[in-house]
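Subject: A structure for you to explore

Hi there,

Here is the structure I promised to pass on. Have a look at it first, and then read on for what turned up.

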Amino acid sequence: MSMRQLWEGTEARNWARDINGQTKLIILFLYAVLMITIDNPRSLFILFMLTLVFHGAAGTSFYKWKVMAVLLMLGLWGSMVSQALFFSQIPRTPLFVLVSPDTPFLGAVTGGLFVYREGILYGAVQGLRAATMLSLGLLVCWTSDPRQLLNALLSWRLPPQVAFMLVTAIRFLPVLAAETGEIITALQLRSDSQRGRTAVLQHIPYIAKPLLARCLRRAQTLALSVVSRGFFAAKGSVARQSWKKSEKAGCVAFCLFTLAVVGSKICYVLSEQGLYFGLLRKVYDISKMYL
Amino acid sequence: MKKVFFWLVAVVMLLTGSDAFAGQQLDAVFPYSLEKRNIQTVSGHSTMPLYINLTSFDVPRIQQAEVSVRLPEGFSALPKEGWQVTKDGAVASWSLDADYAQNFDLLYIQAEETAVPGSNEIVVSVKGDGWEVQKKLQFQYDAAGGNVAQPQEKTKKIDRKKFNWYIQSVTLPVDPFGHRDDRTENGVIYVRDTTLEGFRNRMKGEGATNWSAVFNHPAAFLLLDMRNPQKDIRVLKFKAQLLDRVTGNVAEGLVTAGKTNHEAGEGWAGNTGEESETTALISLDGKKTQAFVLPLYVDYFKVLEGEYTLRVTVAGGGQQKIQEVPLTIAKKQSLGLMAVAFAFVCFLLMFILLFRMKKCIFEIGAKGAITVALFAAISFGGIALPSTVLGDLVHALLGPFSGLVTGLLSGIMQYLLIVSLLVLYRKLGVLTLLYVLKFMLSGIMFGHFSPIGVLSTSVYIVVTESLLWISGFYTKEILKTNYMFFVALLLGMGDALITFVNLEQMMFFYRLYYADWFLAMYMIVNGLLYSSIGSWIGYKTGIKLRQVVGE
């Protein structure tokens, strides 16, 4: 499977593809709000697992599951590594020392660098937030055509000129990628060493100038074409996908649910700071147990 | 006249070298109270301190003094180091320093069953080389005053050897008057966020902790409820320590209030020689129940949030009572909140720039707009895409330090694109357009629509546009090399600020921990260094690209 195919949303089941772009973006945003609001590891895990259930229901292909699994594992591992080093809570148990506090300069600056056992677990739990958003983002990406999401943005009064620029950027992404490849080939051929003729990384710093120069020339040509047809100044009229009432109702319900979660969490945090209302005791209990 | 003056000096010198002006002053108080309460009555079977203070002056040599305490019948001295208990009292030998000496001690006196109620007398005398001072102390003894004498207490056999004072309860947090606020969670202390101070301390070295702030504002007050059935009067040492719940080891965090001294200058010295504990002296003043409100001082620089056990130790007269209570220390995320508030302000300000965006598109024309779109595509394809796909791999390999590698893209490449585009199209709003397009591309291609993404983009837009506008970048006729060097540095500093705000946001929203030195390293390397380099290369690239535009 090519890189391009990997990011296409053509393999998903029809029901997932038919969902309006607005619905997908709203749910994605609200889900992100939930993920940064909730602290309870069990609730975070349930929300994460829910995204995997959505993937299963949307018919994500085996290859894409593998790609997602790799990305999720790497993300979680990164979070665990960083929190294992910087975990700043008690109790914490150093597993081994990376930089001793007695090490000249580094020890003094860092105060010692240890790998903490509790930090690994903490990193895994907190990494669930990013992992959930990655999983849901990939779901939206794999079940949507870019045009569908663009239509959603246009429905939210995105200026047609900006929409045009966005479409231009998306359309020219593969062209720019191909041009980058050509420039690298040219730089390899110009290289005076055997190693330079096969290397890629060493040519990267020299790609920018020719690539940007080509962009400017392309922009000149495109602008001439666009202006001559009066396309750029015209108001855009795009055939928009209808937004079903059931989807709207679902979005409103999810929005209310998210607001309730955020509201109760804020009340609970305020109660910890002394702004306590006896009436909200049940809300505090729910927040403490589940959020 | 000269002779008189000579003799006067000689006499003074002789007198100062002798005991001519020597003197001793003896102070003794029984029953002694730390709070200087004038207590006259001793209750049945209680233990009371006898305070002896001897001041000796103008003796030019070290001298030995014999201290003796003669007690009335039915009273005995409790054993104490340095004292020899005799039949009718106790004796001790004190060494008095030369010139000026002050020696003091507390000796605990216990009333036996044979003690005679009514007026009694203790005689304290100190004998030295050719001198003797004496003090007589009168007090009343009330045999029925103690609980032990009361018949209802007979069921509770009191072991007199243990003095019978004990800790009834430890409550925290309370207010300075000892009142518990039911709205606050029991056993939770909130300590202030000191990320910025910690950062400053690291830059300045150790010892920069603001001790006056620490000791003027205790982290919490603790209510120590003591029971004293024998109505003892005692001076006790209070000690509070944080214990790691897993290992049981004493954890860092609590400190003891230091004192002002000449070496440390104004404020507080901080170094009291007592590590990781808050200590205080408390005085049992002969009541059956007594509550103490004690401040807990926290070294904000060292304390870590988490679940602890607070061990309270009260010791005195060779005995100690310990009580342990669970304690949670939570840090206020002030800096994180400030970062989020700043990001929200940027988010609101961004709307002003978004309203201007359409005007900007018409100002730069179709060619400019398409150029911005293509630059956004490169920014997305060359920075966001590799950062997403390869970033996780680098993150897994290098952990938190991956940013130093991916920063080559997000710092150098990003600012190269931005500045080269701005050199070509120097208009307010071009940058906003580029960032908005990049954000939307990420959203459409990867589904990256999140509150953090929106806030982060807002911070980028508002900070960078503001800095360029303030520096006069948009109004300069010609972009000279010196000026662009300044702009590159300015953008670097702006990116350092953006890096800091975005990392704080990440820490706040994702509950992550990063060390202050790590934030500083990221700000300097990823923010200042990479972005300044990228801006400078971008300026040079932009000048070359002008030739293409002019073709």
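This is a predicted model: local features need pLDDT of at least 70, side-chain atom pairs count only at pLDDT 80 or more; totals for chains, interfaces and linings use all residues.

Let's begin with a hairpin in chain B. Strand 9 and strand 10 of chain B form it, with 4 residues between them. In the turn, B:G130 has a positive phi of about 85°. The two strands run antiparallel and are joined by 10 bridges; B:V123, for instance, has B:K136 in strand 10 as its bridge partner. Strand 9 of chain B also pairs with strand 4 (residues 63-70), again antiparallel, over 5 bridges. There, B:S68 stands opposite B:S125.

Next, an open sheet: 4 strands of chain B in the order 11-13-18-16, with antiparallel pairing. Its edge strands are strand 11 (166-174) and strand 16 (254-255), each of which pairs on one side only. Strands 11 and 13 of chain B share 6 bridges, and B:T171 is partnered with B:L223.

Finally, how do the chains meet? In total, 63 residues of chain B are in contact with 69 residues of chain A. Helix 4 of chain B gives the most to its side, with 15 residues. That side of chain B has 38 nonpolar, 12 polar and 13 charged residues. Strand pairing crosses between the chains too: strand 1 (residues 89-90) of chain A and strand 19 of chain B pair in the parallel sense over 2 bridges, with A:Q89 opposite B:E305.

Enjoy exploring!

Key
Residues are numbered from 1 along each chain as its sequence is written. Chains are lettered from A and ligands numbered from 1 in the order in which they are written. Two strands pair if DSSP finds at least two bridges between them. Two residues are in contact if their C-beta atoms, placed from the backbone, lie within 7 Å. Ala, Val, Leu, Ile, Met, Phe, Trp, Tyr, Cys and Pro count as nonpolar, Asp, Glu, Lys and Arg as charged, and the others, Gly among them, as polar.
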